[in-house]
Amino acid sequence: MPDMPSLPAALPPPPEPCWLDTPVHRLMLTALLNELDASLLSAASATRTLENWSIRHHLALIPTVRAICQQTPPRPCPPALREALRLPVDAAPDTLRYRHVRLMCGNLTLSDAENWYLPSRLTDEMNRELDTTETPFGRVTAPLAFTRRLVQAERAWSPLPLGWELGPLPAGSSQPLAFPPVLFRHHAVLSRQDGTPISAVIESYTAGAFCFPPPAMPDASPTSAL
């Protein structure tokens with residue numbers, strides 16, 4: 001897997017793993033990882049997708065996704081995203097506002113999101129809410145019915161090695177499976193219905209989204225059919 005750029009602030013350690021280093025668990029995780037990745041890529045709101053995922057997998061007693069603001073010094077918007085926002089080269093520094101949050105469900109970090117948004121393209125009420133609350137950006141700007149365009153997708157980790165389907169599956173150690181800090185990352189631009197860009201995001205998704213027990217395997221012994 002390619003090296004991933006460092007995050008603006010260190011993520012908390014991944015949660016205690018529920019999954020084991022076995023072929024079956026790695027196959028299950030591959031399917032789940034691909035499903036979550038595809039769901040996020042096909043939806044306009046990452047917040048809503050993560051909340052639906054949290055509800056479905058019982059990640060917390062109250063599966064509401066919260067945006068926990070991080071006190072991170074503003075970082076320059078990457079050139080590819082800046083271009084996608086259609087910003088002129090000589091745009092004033094305060095044209096873009098930077099917001100860095102952790103999207104959390106209960107005590108689980110589901111993603112680390114950097115957001116460069118244009119306050120002049122939002123309503124005054126939206127800007128006030130973004131400045132004074134920890135409401136996720138997607139929820140604040142939902143009245144705009146924004147669309148999402150992927151600029152870049154990065155896969156940082158796969159539960160199975162490249163070419164696993166061409167040979168015997170690795171036996172594994174049957175020990176708890178260790179997850180890296182980031183599993184995959186999306187770079188995207190959000191736009192209003194008229195096509196005007198309002199925000200560029202880099203979202204780094206973590207193992208918190210998979211902190212639920214694996215499904216039990218059926219008993220394959222002959223007596224189980226009796």
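W157 is buried, with a relative accessible area of 15%, where buried means under 20% relative accessible area, exposed over 50% and partly exposed in between (1.4 Å probe, protein chains only). F179 likewise counts as buried, at 12% relative accessibility. The ring centres of W157 and F179 lie 5.2 Å apart with their planes at 55°, so this pair is tilted. Rings of Phe, Tyr and Trp (its six-membered ring) are taken as a pair if their centres lie within 6.5 Å, and planes under 30 degrees apart count as stacked, over 60 as edge-to-face and the rest as tilted. Both W157 and F179 lie in the loop between β4 (147-155) and β5 (184-191), so the pair ties together parts that are 22 residues apart in sequence.

The model is predicted: local features need pLDDT of at least 70 and side-chain atom pairs count only at pLDDT 80 or more, whereas totals for chains, interfaces and linings use all residues. Residues are numbered from 1 along each chain as its sequence is written, and side-chain values use heavy atoms, with hydrogens and water left out.

The protein contains five helices and six strands; helices (H or I, at least four residues) and strands (E, at least two) are DSSP runs numbered from the N terminus. Along the sequence they follow the pattern α-α-β-α-β-β-α-α-β-β-β. Of the 226 residues, 46% count as buried. Among contacts with a separation of 6 or more, 73% join residues 24 or more positions apart, a contact being heavy atoms within 4.5 Å.

Six aromatic pairs are found in a search of the whole structure. One of them is formed by Y98 and W116, which are tilted at 55° between the planes and stand 5.5 Å apart, centre to centre. This pair links distant parts of the chain, as Y98 belongs to strand β2 (residues 97-105) and W116 to strand β3 (residues 108-117), 18 residues apart. Y98 counts as buried at 15% relative accessibility, and W116 is buried with a relative accessible area of 3%.

The largest nonpolar core has 30 residues, and those with the most contacts inside it are W19, L36, L50, W53, L110 and F210. Such a core is a set of buried Ala, Val, Leu, Ile, Met, Phe, Trp, Tyr and Cys residues joined through side-chain atoms within 4.5 Å. Helix α1 (23-42) is among the elements that each supply at least two residues of this core, and the largest share, six residues, comes from α1. Not counting residues up to four places away in sequence, L36 touches L50, W53, F184, A209 and F210. A second, separate core of 12 residues includes L87, Y98, L118 and V189.

Y98 also lines the largest pocket, together with residues including C69, R97, H100 and D131. On a 1 Å grid over the protein atoms alone, a pocket is an open set of points with protein on both sides within 12 Å along at least five of seven lines, whereas a cavity is a set where a 1.4 Å probe fits but cannot get out; lining residues have an atom within 4 Å of a point. About 190 Å³ of space lies in this pocket, and strand β2 gives the most to its lining, with four residues.

Grid points are joined across faces, edges and corners, and a volume is the space filled by probe spheres set on the points. The largest cavity is lined by 18 residues, of which T47, A113, F137, G138 and E203 lie nearest its centre.
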